[in-house]
Amino acid sequence: MKIYSTRHGQTDWNRQDIILGTTDIPLNETGIRQAAELAEKVHSIGNTDIIISSPMKRALATANAVAEKCGLEVVIDERLREWDYGRFEGLTRYTEGFHENKVNFGVKMGENGESLMQLCHRVYSALDDIIKKYSNKTVLIVSHGGVCRAIETYFHSMTADEFLNWFMDNCQIIEYNT
């Protein structure tokens, strides 16, 4: 089985380095263009069978762009929604404590968000189900930066420092083989 993972196209908050988790905002013009370019790339790869997407506007718009170009179905999985960053939501990525809070796996982000353990629990359960249900398929997962980071840890071990510094660009594709 092959899984492709991608992050949604750019939003205004991404461009401004604002922490974006549960706020459901759309793609900006750059993000729409990135989604179209991703659709072309997935089409040229040519072996994707199904798209599984976060329900959030930015991910779903990206997934739908690919689906339209490639004639694929989009299945929504709530477990792929972005990490709840709690009180950090809407603040700059350089807010004191934000980066440190990411690697404190049992501490809820921003005091009232999700802990890394909670995020990984839901993402890992989604991946377990995807692998079980689509074992003979090639799947494209369209999600978010925090979710992509959790997906990376599902397939590859990471130290806390590697986790903290790992980043996925908008509409970048990573391939995993199970």
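Here, a residue is called buried when its relative accessible area is under 20%, exposed when over 50%, and partly exposed in between, using a 1.4 Å probe on protein chains only. By that rule, Trp83 and Tyr85 are both buried. Please keep in mind that this is a predicted model, in which local features need pLDDT of at least 70 and side-chain atom pairs count only at pLDDT 80 or more, while totals for chains, interfaces and linings use all residues. Residues are numbered from 1 along each chain as its sequence is written, and side-chain values use heavy atoms, with hydrogens and water left out.

Let us look at the aromatic rings. Rings of Phe, Tyr and Trp (its six-membered ring) pair if their centres lie within 6.5 Å; planes under 30 degrees apart count as stacked, over 60 as edge-to-face and the rest as tilted. The count comes to six aromatic pairs, including these two:

| Pair | Centre to centre | Between planes | Type |
|---|---|---|---|
| Trp83 and Tyr85 | 5.3 Å | 40° | tilted |
| Tyr85 and Phe98 | 5.6 Å | 70° | edge-to-face |

Tyr85 lies in the loop between S3 and helix H4 (98-102), and Phe98 in helix H4, so their pair ties together parts that are 13 residues apart in sequence. Helices (H or I, at least four residues) and strands (E, at least two) are DSSP runs, numbered from the N terminus. Phe98 is buried as well as Tyr85. Together, Trp83, Tyr85, Phe88 and Phe98 form one aromatic cluster.

Charges also meet rings here. Arg87 lies over the face of Phe88, 4.6 Å from the ring centre, and Arg149 lies over that of Phe163, at 5.3 Å. This requires NZ of Lys or CZ of Arg within 6 Å of the ring centre and within 35 degrees of the ring normal.
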